[in-house]
Amino acid sequence: MRATDLKQERIAIVGGGINGIMTAWALCDRGYSIDVYDRGDLMNETSAASSRMLHGGLRYLAKLRFHMVREALLERKWWRDKNTGMVREFLAHIPVRKGNLQELFIFGAGVMLYSILSLGSGFAHSRWVPLKSLRERFPELDTSNLIGAWGYTDAIMDDRGLGLWAANQLQNRGAKFFTNTPVAVMRSNGITLQSGEERPYDVVVNAAGPWAADLISASNIKSKNNIGLMLVRGSHLIIKRNLEQAVVLPHIDGRILFLLPWAPGEVIFGTTEARQESPNSAEISAAERSELIDAYNQWFTDTLGEADILSEYSGLRPIVKQDGGTSGASREAVIGMSGGVVTIYGGKWTTSRQLGRKTADAVEYLIKR
Ligand SMILES: Cc1cc2nc3c(=O)[nH]c(=O)nc-3n(C[C@H](O)[C@H](O)[C@H](O)COP(=O)(O)OP(=O)(O)OC[C@H]3O[C@@H](n4cnc5c(N)ncnc54)[C@H](O)[C@@H]3O)c2cc1C
């Protein structure tokens, strides 16, 4: 971009997680001057505590959210094609139990639809994995009650590393980052730092993730349609195991758990779902740890114990609830606008670039209004 293409409006982004960084990316591309504020380090909260999957989200197919899944499946390609060395494709295996028609037909239809929605992304197609291959790939999986598995492809990423790579690209395009700089209040014409210093901006973007709703309240901004956030903690174990490919385990409550190959001798295993009120500090509980260990031991013959846990981490999913209740809770992101403030509620790591573009559209709407 030439200096003459630069626009005069100045925009502050509060939050240096992946949604703040990718919004900054979209706005830098459109020629705006961007300052990104984080109260801590960049990519140090939710965006570095994910399940590390660049994925379409197989389970959203059951909710008929085809557009959302398609968008995410295509976004995997964008991140993979950047060749950062931090994205790796894997084949995920969903075991199918004898006589379980739901696993055979519904999951089968799901992975085939996933493959169709992936068309154009260059990822390998879904397929049936016979029992013999399943045993060879996962010798410790208890296959006595299985007839095979459905396989589909997704990608695993270094979430923190990839986000820092994106931030680094922005620094080269002139974005400025202010870390360890908490924002106390957002206004239509700027922000007030916790130090009391006021800084003027034309538009402020609230990309504070799980803290977004608290920041709205602290700024005394009335959120339209009564949008709020419900925080759901998800915890992961990194266990001492070796896997070449991923395993997806149907869980007792209808959810699925993932075992993802991370590094030699290290597998990521998650995730749980536990409601939490405060956005501050997300830590795994003893009950979540037991839930994961028990689930592993129901499916594998090499008993997992606490001694096999190398490390643990948890993050908070900011899930949008509209009109006050939880019945409208959704994993889709919502962009709110009030005065000169644009707020991002929710979102997925995988689709952060598209969410960044939509947020940039909202910023430009406010500028041109
Ligand atoms: C357990 C779990 C697993 C997940 N797995 C996946 C997955 O596999 N794939 C996927 O696509 N998505 C996944 N997600 C979703 C994804 O991680 C999140 O949607 C995404 O990281 C949210 O990013 P964010 O930038 O909005 O929030 P954050 O990363 O939390 O960033 C918000 C930033 O705002 C800063 N901040 C807050 N308040 C202030 C303030 N007052 N002043 C200045 N800075 C402030 C914080 O310090 C923080 O850095 C998962 C989420 C969870 C919790």
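## A walk through the predicted model

Leu101 is exposed, with a relative accessible area of 56%. Keep in mind that this is a predicted model. Leu101 sits in helix α3, which covers residues 101-117.

Asp38 places a polar side-chain atom 2.6 Å from a ligand oxygen, while a polar side-chain atom of Asn19 lies 2.8 Å from an oxygen atom of the ligand. Gly347 uses its backbone instead: a polar backbone atom there is 2.5 Å from a ligand oxygen. Taken alone, the ligand exposes 1000 Å², and the protein buries 95% of that.

Now for Met186, in strand β8, which runs over residues 183-187. Met186 has a relative accessible area of 1%, so it counts as buried. Setting aside neighbours within four places in sequence, Met186 is in contact with Val14, Ile191, Val204, Asn206, Leu215, Ile216, Ser219, Ile221 and Val341. Ala12 is another residue to look at from here: 174 residues separate Met186 and Ala12 in sequence, yet their C-alpha atoms are 9.6 Å apart in space.

Strand β9 (residues 190-193) holds Thr192. At 14% relative accessibility, Thr192 is buried because the cut-off for that label is under 20%. Beyond its neighbours within four places in sequence, Thr192 is in contact with Val183, Ala184, Val185, Arg187, Glu197 and Glu198.

Two of those partners, Arg187 and Glu198, also pair with each other. Glu198 forms a salt bridge with Arg187, the closest N and O atoms being 4.0 Å apart. The pair links distant parts of the chain, with Glu198 in strand β10 and Arg187 in strand β8, 11 residues apart.

Apart from neighbours within four places in sequence, Arg199 is in contact with Tyr37, Phe178, Arg187, Asn189, Gly190, Ile191 and Leu193.

Back to charge pairs, then. Side chains of opposite charge can pair when their charged atoms come close. The model counts 22 salt bridges. One of them joins Asp35 and Arg10, with their closest N and O atoms 2.8 Å apart. Asp35 lies in strand β2 and Arg10 in strand β1 (residues 10-14), so the pair ties together parts that are 25 residues apart in sequence. Asp35 is buried, with a relative accessible area of 4%, whereas Arg10 is partly exposed at 33%.

Another salt bridge brings together the side chains of Glu89 and Arg80, at 3.7 Å from N to O. Glu89 is partly exposed, with 34% relative accessibility. Both residues belong to a network of salt bridges that links Lys77, Arg80, Asp81 and Glu89.

Finally, some backbone geometry. Most residues other than glycine have a negative phi, and most peptide bonds are trans. Where does the model show a cis peptide bond? Gly270 and Thr271 are joined by one, with omega at about 0 degrees. Thr271 is found in the loop between β15 (266-270) and β16 (274-276).

Positive phi turns up at Met43, a residue other than glycine, with a value near 50 degrees. Met43 sits in the loop between β2 (33-37) and β3 (53-54). Is Met43 buried or exposed? Met43 is buried, with a relative accessible area of 0%. Asn83 is not a glycine either, and its phi is positive at about 50 degrees. Asn83 is found in the loop between α2 (66-80) and β4 (87-97), and at 68% relative accessibility Asn83 counts as exposed.

Conventions: Residues are numbered from 1 along each chain as its sequence is written. This is a predicted model: local features need pLDDT of at least 70, side-chain atom pairs count only at pLDDT 80 or more; totals for chains, interfaces and linings use all residues. Side-chain values use heavy atoms; hydrogens and water are left out. Helices (H or I, at least four residues) and strands (E, at least two) are DSSP runs, numbered from the N terminus. Buried means under 20% relative accessible area, exposed over 50%, partly exposed in between (1.4 Å probe, protein chains only). Contact means heavy atoms within 4.5 Å. A polar contact is a pair of N or O atoms within 3.5 Å; within protein, one must be able to donate a hydrogen and the other to accept it, and residues adjacent in sequence count only if both atoms are side-chain atoms. Accessible areas come from the Shrake-Rupley method with a 1.4 Å probe; for residues, only the protein chains shown count as cover.
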